[in-house]
Amino acid sequence: MSELPPDLPRLRTLETWLTISLDRVRARIAEVETREAALRPVRQRPEGPGWVLSYLRERGRRVPDSVHIGDCRMAGKNTDPLTRDEARRPLNEGMQACAICRPDSDLGILG
């Protein structure tokens, strides 16, 4: 036996009630998502360069190593500042992105 009404008018009434209820639930979800998004911390851009290229030292020469977001502490001291386009270029060419600060995600590059 079905727990639903057997006749079309009551089924249509039930459908209308469920649609209205679902719309109310979706509206509440949107409200809660908006409120929670406003409470999430937003990463502030650091003063200085937005991205940097870090270098390793090999036999006294600087060798490009990886791209970092400007305030990443994993970049070390041996770095050069990069603009957005300059940061995207080495990442698109296969250079390693820092696994901690994820500049590839910040720049919208899928790895």
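**Salt bridges and sheet arrangement in the predicted model**

Arg28 and Glu31 lie three residues apart in helix H1 and are therefore separated by about one helical turn. Helices (H or I, at least four residues) and strands (E, at least two) are DSSP runs, numbered from the N terminus. The structure is a predicted model, in which local features need pLDDT of at least 70 and side-chain atom pairs count only at pLDDT 80 or more, while totals for chains, interfaces and linings use all residues. Residues are numbered from 1 along each chain as its sequence is written, and side-chain values use heavy atoms, with hydrogens and water left out.

The side chains of Arg28 and Glu31 form a salt bridge, with the closest N and O atoms 3.6 Å apart. A salt bridge is defined as a side-chain nitrogen of Lys or Arg within 4 Å of a carboxyl oxygen of Asp or Glu. Arg28 is exposed, at a relative accessible area of 53%, whereas Glu31 is partly exposed at 44%. Here buried means under 20% relative accessible area, exposed means over 50%, and partly exposed lies in between (1.4 Å probe, protein chains only).

Five salt bridges are found in a search of the whole structure. Another of them joins Glu15 and Arg12, at an N to O distance of 3.2 Å. These two residues are also three residues apart in helix H1 (residues 8-39), so about one helical turn separates Glu15 from Arg12. Glu15 is partly exposed, with 43% relative accessible area, and Arg12 is likewise partly exposed, at 49%. A further salt bridge links Arg102 to Asp104, the closest N and O atoms being 3.0 Å apart. In this pair Arg102 is partly exposed, with a relative accessible area of 39%, but Asp104 is buried, at 9%.

Four strands make up an open sheet with mixed pairing and the order S3-S1-S2-S4. Strand S3 (79-82) and strand S4 (96-97) are the edge strands, each pairing on one side only. Two strands are taken to pair if DSSP finds at least two bridges between them. Strand S2 (residues 61-69) pairs with S4 in the parallel sense over two bridges, and Ser66 stands opposite Gln96 in S4. Helix H2 (residues 84-92) packs on this sheet and touches strand S1 (51-58), S2, S3 and S4; contact means heavy atoms within 4.5 Å. The direction of H2 makes about 115 degrees with that of S3. Axes are lines fitted to C-alpha atoms, for helices over the stretch in contact, and angles run from 0 to 180 degrees between N-to-C directions.
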